[in-house]
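Trainee: Could we walk through this model together? I have a few questions ready.

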Amino acid sequence: MNFRRGQKREDPEINLIPFIDVLLVVLIFLMVTTTYSKFTELKITLPTADAEKALEKPFELNVTVDAKGNYTINNQPVSFSNVANLAADLKTAAAAGQAAAAGEKSPVVVINADQFAMHQMVINVMEAARMAGYDKLTFAAQTGEKK
């Protein structure tokens, strides 16, 4: 250590060459590891809403099957003798309701089955709908006490 008085201090020297070297290495690293794509944004189709359109309810045939073996089509009781007659009753009910359906060709057959109804009864309705040419089926279950 030099503790002499009166000597003039040398100005500090700032060497920028190592700093520039480090910056160039970082810049080269970023250039090599960064991938560039031709497209800079995603094309997203956003949903739209139109308040003027009213929801159209499809033409439905409601077939109810209860635990006692009774069938009803659109709240009209139907006697069941075989699947072909049930298919004919479905076609008749569809023809009666076709005027209200405004151009619907194939109605949706809604099967409302009691929870205690036999499975074969529901299968009969499905087979009758197939025979009548109706391929749109949906199911609903009714719960209740067994009598």
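Trainee: In which sense do strand S1 and strand S4 pair?

Mentor: Happy to start there! This is a predicted model, where local features need pLDDT of at least 70, side-chain atom pairs count only at pLDDT 80 or more, and totals for chains, interfaces and linings use all residues. Residues are numbered from 1 along each chain as its sequence is written, and side-chain values use heavy atoms, with hydrogens and water left out. Strands are DSSP runs of E with at least two residues, helices are runs of H or I with at least four, and both are numbered from the N terminus; two strands pair if DSSP finds at least two bridges between them. S1 covers residues 60–65 and S4 residues 108–114, and six bridges join them in a sense that is parallel.

Trainee: Which residue in the hairpin of S1 and S2 takes a positive phi?

Mentor: Five residues lie between the two strands of this hairpin. With a phi near 95°, the residue is Gly69.

Trainee: What pattern does the protein follow along the sequence?

Mentor: The protein has three helices and five strands. Read along the sequence, they give α-β-β-β-α-β-α-β.
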